[in-house]
Amino acid sequence: MNIINTQSTQKRILFFSAHPDDEIAGAGGFIIKTLQQGGAAKLVLCIDPSEPRPDLNANDERNARLKEFSTVADALGASHSFLDFPHYPILSYDTILPCVKEIREFKPDIVLILQEDEYHTEHQLTARIVKRAVWHAGRSAFPEYGQAHKVKEIWESEGDRPMSNPNHFEDITNVIEKKKEILLSYGSQQSRKDLVSAVEGLNAFRGIMYKRGKFAESFKTSNFFYG
Ligand SMILES: [Zn+2]
């Protein structure tokens with residue numbers, strides 16, 4: 001009998017994003033692959049996307065982007081939640097503990113974020129908060145936020161700044177079209193900037209330059225957490 005052990009590929013992955021679209025742009029191909037392999041994925045949006053725009057007031061912008069976020073999660077087949085942090089969130093228990101609760105409830109093998117070394121300050125702040133949350137989630141403290149769960153790895157992905165020192169690549173050649181199609185669901189963002197072309201170009205560079213297929217996503221992974 002030929003028993004295939006798929007355990008190692010059936011990962012549980014949890015992506016914390018500052019903004020709707022960070023998750024697809026940075027790791028959409030990996031999320032799609034993980035779900036196709038029988039794994040589970042959850043998207044957690046951290047920051048309130050309200051912002052006044054020339055064509056929309058702040059509340060309409062918030063509603064439009066939250067709707068796009070849930071549409072994308074549904075299209076992927078991922079679960080999702082929204083933490084509603086204010087813009088430029090501060091590193092404190094007020095931001096760390098809601099992330100600890102998400103980690104302890106979902107029990108991911110891998111937590112994903114955009115790299116701490118991004119251009120956008122909110123990407124940087126979210127990365128710092130989530131890294132602290134991964135540490136606290138594994139400690140025997142704050143029992144009101146669930147039972148301790150030790151995350152195996154943090155994967156940082158690239159959003160608005162090409163990563164200088166990736167140590168892992170995912171070949172996403174077979175899912176690039178699906179990634180682009182889902183990214184287009186963020187119509188409010190695509191109409192302001194051609195994100196699909198930017199992301200496709202970066203993924204092509206990674207795949208071709210590092211011989212990881214025609215398209216690849218880059219990550220910086222770490223599996224050491226203090227204490
Ligand atoms: Zn962003």
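## V134 and its surroundings

Leaving aside residues up to four places away in sequence, V134 touches I103, V111, V151, I154 and F225, where two residues are in contact if their C-beta atoms, placed from the backbone, lie within 7 Å. This comes from a predicted model, in which local features need pLDDT of at least 70 and side-chain atom pairs count only at pLDDT 80 or more, while totals for chains, interfaces and linings use all residues. Residues are numbered from 1 along each chain as its sequence is written.

V134 lies in helix α4, and V134 is buried, with 24 other C-beta atoms within 10 Å; a residue counts as buried if 20 or more other C-beta atoms lie within 10 Å of its own, as exposed if 12 or fewer, and as partly exposed in between, with C-beta atoms placed from the backbone. V134 and I103 are 31 residues apart along the chain, and their C-alpha atoms are separated by 7.4 Å.

## The chain as a whole

The chain holds seven helices and seven strands, which are DSSP runs numbered from the N terminus (H or I and at least four residues for helices, E and at least two for strands). Along the sequence, these elements follow the pattern β-α-β-α-β-α-β-α-β-β-α-α-α-β. The radius of gyration of the chain is 17 Å, close to the 17 Å that the globule rule gives for 227 residues, so the chain is as compact as a globular protein of that length; the radius is taken over C-alpha atoms, and the rule is 2.2 Å times the number of residues to the power 0.38.

The C-alpha trace spans about 50 × 45 × 35 Å along its principal axes, and 41% of the 227 residues count as buried. Of the contacts between residues at least 6 apart in sequence, 75% join residues at least 24 apart.

## Helices α3 and α4

Two packed helices are described by the angle between their axes and the distance between the axes. Here axes are lines fitted to C-alpha atoms, for helices over the stretch in contact, and angles run from 0 to 180 degrees between N-to-C directions. For α3 (residues 93-106) and α4 (residues 121-137), the axes come within 8 Å and cross at roughly 55°. The two helices are therefore oblique to each other; angles under 35 degrees count as roughly parallel, over 145 as roughly antiparallel, 65 to 115 as roughly perpendicular and the rest as oblique.

The crossing of α3 with α4 is right-handed, a term used if the near helix is turned clockwise from the far one by less than a right angle, with left-handed used if it is turned anticlockwise. On the α3 side the contact is made by T95, I96, C99, V100, I103 and R104, and on the α4 side by I129, V130, R132, A133, V134, H136 and A137. These residues divide into nine nonpolar, two polar and two charged, where Ala, Val, Leu, Ile, Met, Phe, Trp, Tyr, Cys and Pro count as nonpolar, Asp, Glu, Lys and Arg as charged, and the others, Gly among them, as polar.

Helix α5 (residues 176-183) and helix α7 (residues 195-209) have axes that come within 10 Å and cross at roughly 155°, which makes α5 roughly antiparallel to α7. Their crossing is right-handed, and the contact is made by I176, K180 and L183 of α5 together with L195, V196, V199, E200 and N203 of α7. By class, this contact has five nonpolar, one polar and two charged residues.

The axes of α1 and α5 come within 9 Å and cross at roughly 135°, which makes α1 oblique to α5, and this crossing too is right-handed. From α1, residues I24, A25, G28, G29 and I32 meet I176, K178, K179, I182 and L183 in α5, a contact with six nonpolar, two polar and two charged residues.

## Loop residues

G38 is found in the loop between α1 (22-36) and β2 (40-47) and is exposed, with 11 other C-beta atoms within 10 Å. G38 and Q10 are 28 residues apart in sequence, yet 5.3 Å apart in space, C-alpha to C-alpha.

Y88, in the loop between β3 (79-85) and α3, has a phi near 50°, a positive value in a residue other than glycine, and Y88 is exposed, with 10 other C-beta atoms within 10 Å. K211, in the loop between α7 and β7 (216-222), has a positive phi of about 55° although it is not a glycine, and K211 is exposed, with 9 other C-beta atoms within 10 Å.
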